[in-house]
Amino acid sequence: MEITASLVKELRERTGAGMMECKKALSENGGDIDAAAEALRKSGLAKADKKAGRVAAEGRIVAAQDGGKAVLVEVNSETDFVAKDDNFLAFADAVAQAALASGAADADALKSAKVGSGDTVEEARAAVIAKVGENVQVRRLARIESANHVAAYIHGGRIGVLVELKGGDAELARGIAMHVAAMNPPYNKAADVPAEFVEKEKEIEMAKMSDKDKSKPAEILEKIMAGKVAKIVNEVTLYGQAYVLNTDQTVEQAVKAAGADVVQFQRLAVGEGIEKVVEDYAAEVMKQAGLA
């Protein structure tokens, strides 16, 4: 029986195994999709399908860099235990290198990129799921390519930062990346802060003011409000924050002293935005025992 692409696709969707594994299983079982699916289950390669619905909120942020080209990739697992497994770590590092080499723009595009073994990222993902027994996802990708200084910094495997710095040097770029990892500023400079955010903060600060302050002359009230808003803007911008490597300076002062400018930064942290499921195992046991 001819092993068609549609048949391979159907088996892959059914089992979650890699494309080459599916094609091989179909060939070995005469094109019988049920027998091929059973063979994949017996070999452990069909585990991916069963794990796919599980929440993967742990994992690693990995980086790869070649001069002014750098990438961050978030690779997720279900547990921190698996995030430290050698198979998982090798897969994550291979994905980062594939992201760098392929030029993939996002995690979806990265699925078809080739890893060192010759498999695609998606095929390698299915294989590592079979090994570690947990859902594994390649969730996000960040990339900077520039002729300027580019720093890639990973903190504890859970936070990754890319920084593009015009002027200055590689050491300053790395220092800024460390600052972004620690302080997580939402914006780069004051000009990047949305006007709606500023207006909302003004509204909040006005509501918090006493009637006595509100009754002050308009020009004085305006100065008070400007000071409060400026403080808030400094707190939410990279340039306005005190530089973690020298708290006597703001980041802006440190950068300008070096004749440099932060063009952009990107920050990824493991599990951002993923709703984690908190399981009460004691309650579950009691429920099954009919005690709850």
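Colleague: What share of the contacts in the protein chain between residues at least 6 apart in sequence join residues at least 24 apart?
Modeller: That share is 62%. Contact here means heavy atoms within 4.5 Å. Keep in mind that this is a predicted model, where local features need pLDDT of at least 70 and side-chain atom pairs count only at pLDDT 80 or more, while totals for chains, interfaces and linings use all residues. Residues are numbered from 1 along each chain as its sequence is written, and side-chain values use heavy atoms, with hydrogens and water left out.

Colleague: OK, and how many helices and strands does the protein chain have?
Modeller: There are 14 helices and 8 strands. Those are DSSP runs numbered from the N terminus: helices are H or I with at least four residues, strands are E with at least two.

Colleague: How much of the protein chain is buried?
Modeller: Buried residues are 41% of the 292. Buried means under 20% relative accessible area, exposed means over 50%, and partly exposed is in between, using a 1.4 Å probe and protein chains only.

Colleague: Which residues touch the most other members of the largest nonpolar core?
Modeller: Val73, Val75, Phe91, Leu110, Val121 and Val136 do, in a core of 27 residues. A nonpolar core is a set of buried Ala, Val, Leu, Ile, Met, Phe, Trp, Tyr and Cys residues joined through side-chain atoms within 4.5 Å.

Colleague: And which element gives the most to this core?
Modeller: H6 does, with 8 residues. Helix H6 spans 86-102, and strands E1 (58-66) and E2 (69-77) are among the others that each supply at least two.

Colleague: Why does Arg158 count as partly exposed?
Modeller: Because its relative accessibility is 31%.

Colleague: Which side chain does the side chain of Arg158 make a polar contact with?
Modeller: With that of Glu58, at 3.1 Å. A polar contact is a pair of N or O atoms within 3.5 Å; within protein, one must be able to donate a hydrogen and the other to accept it, and residues adjacent in sequence count only if both atoms are side-chain atoms.

Colleague: How far apart are the C-alpha atoms of Arg158 and Gly59?
Modeller: They are separated by 7.4 Å, and the two residues are 99 apart along the chain.
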